Amino acid sequence: MRTVSGGEVAGILVAVFWAILVSFLAVALARLAQTLKATTKLVADVTDQAVPLLADASTAVRSAQTQIDRVDAIASDVQEVTSNASALSTTVASTFGGPLVKVAAFGYGVRRALGGRRADVPVKEPRRTVIVGRTVPAARRAKRKKD
């Protein structure tokens, strides 16, 4: 029988260790290759789906821009109409406002003059009310009764 030396045992242990290490590395590389294939397929699928989505998004943005341009045109037209209406109201107020105020004041004066000059109704002296040592005119007293 032959005896095995310590160096031969060490060599066999190293060879077995290297065999196990190489097999683990082979399994890891095989799994890495599968992962890379799956990743490549996933990227291709995402690219295939992303291109139509980007085209749809581009169409939506163009449509939104068209609508914004229309709203901008409408807003500018509304602003122009508003300025025209403001100018018209200013013109009407300056043309008719002064004379209408004068006619209304004249009518009020005529009514006041005719209302106080009736022959059958005696002219009343306005009553005065004394409040804490002060005299309040009749016009202010009438406002207080309304409140």
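**View 1. Asp45 and its salt-bridge partner in the predicted model.** Asp45 is partly exposed, its relative accessible area being 34%, and in this predicted model the residue forms a salt bridge with Lys41, in which the closest N and O atoms are 3.9 Å apart. Lys41 counts as exposed, because its relative accessibility is 56% and the term applies over 50%. By the rule used here, the count for the model comes to one salt bridge.

**View 2. The aromatic pair of Phe17 and Trp18.** The structure holds one aromatic pair. Phe17 and Trp18 form this pair, with a distance of 6.2 Å centre to centre and an angle of 70 degrees between the planes, an arrangement described as edge-to-face. The edge-to-face label applies because the angle of 70 degrees is over the cut-off of 60. As for accessibility, Phe17 counts as exposed at 53%, whereas Trp18, with a relative accessible area of 49%, is partly exposed.

**View 3. The nonpolar surface patch around Leu21.** Val14, Phe17, Trp18, Leu21, Val22 and Leu25 form a nonpolar patch on the surface, and together these residues present about 590 Å² of accessible area. The patch thus includes Phe17 and Trp18, the two residues of the edge-to-face pair. Leu21, another of the patch residues, has its place in helix α1 and counts as partly exposed at 30% relative accessibility.

**View 4. The elements of the chain and the confidence assigned to them.** The chain has two helices and two strands, which run α-β-β-α from the N terminus on. Confidence is highest in helix α1 (residues 6-115), at a mean pLDDT of 91, and lowest in helix α2 (residues 138-146), at a mean of 54. Over the chain, the mean pLDDT is 83, and 78% of the residues reach 70 or more.

**View 5. Burial and exposed surface over the chain.** Of the 147 residues of the chain, 1% count as buried, a term that requires under 20% relative accessible area. The chain exposes about 13500 Å², and carbon and sulfur atoms supply 67% of this surface.

Definitions and conventions: Residues numbered from 1 in each chain as written. Predicted model: local features only at pLDDT ≥ 70, side-chain atom pairs only at ≥ 80, totals over all residues. Heavy atoms only, no water. Helix = DSSP H or I, 4+ residues; strand = E, 2+ residues; numbered from the N terminus. Buried < 20%, exposed > 50% of the residue type's maximum accessible area, 1.4 Å probe, protein only. Areas by Shrake-Rupley, 256 points an atom, 1.4 Å probe, with all protein chains shown as cover. pLDDT = per-residue confidence, 0-100. Patch = residues over 30% accessible without salt bridge, like charges linked within 9 Å, V, L, I, M, F, W, Y side chains within 5 Å. Salt bridge = Lys/Arg side-chain N within 4 Å of Asp/Glu carboxyl O. Phe/Tyr/Trp six-rings, centres within 6.5 Å; stacked < 30°, edge-to-face > 60°.
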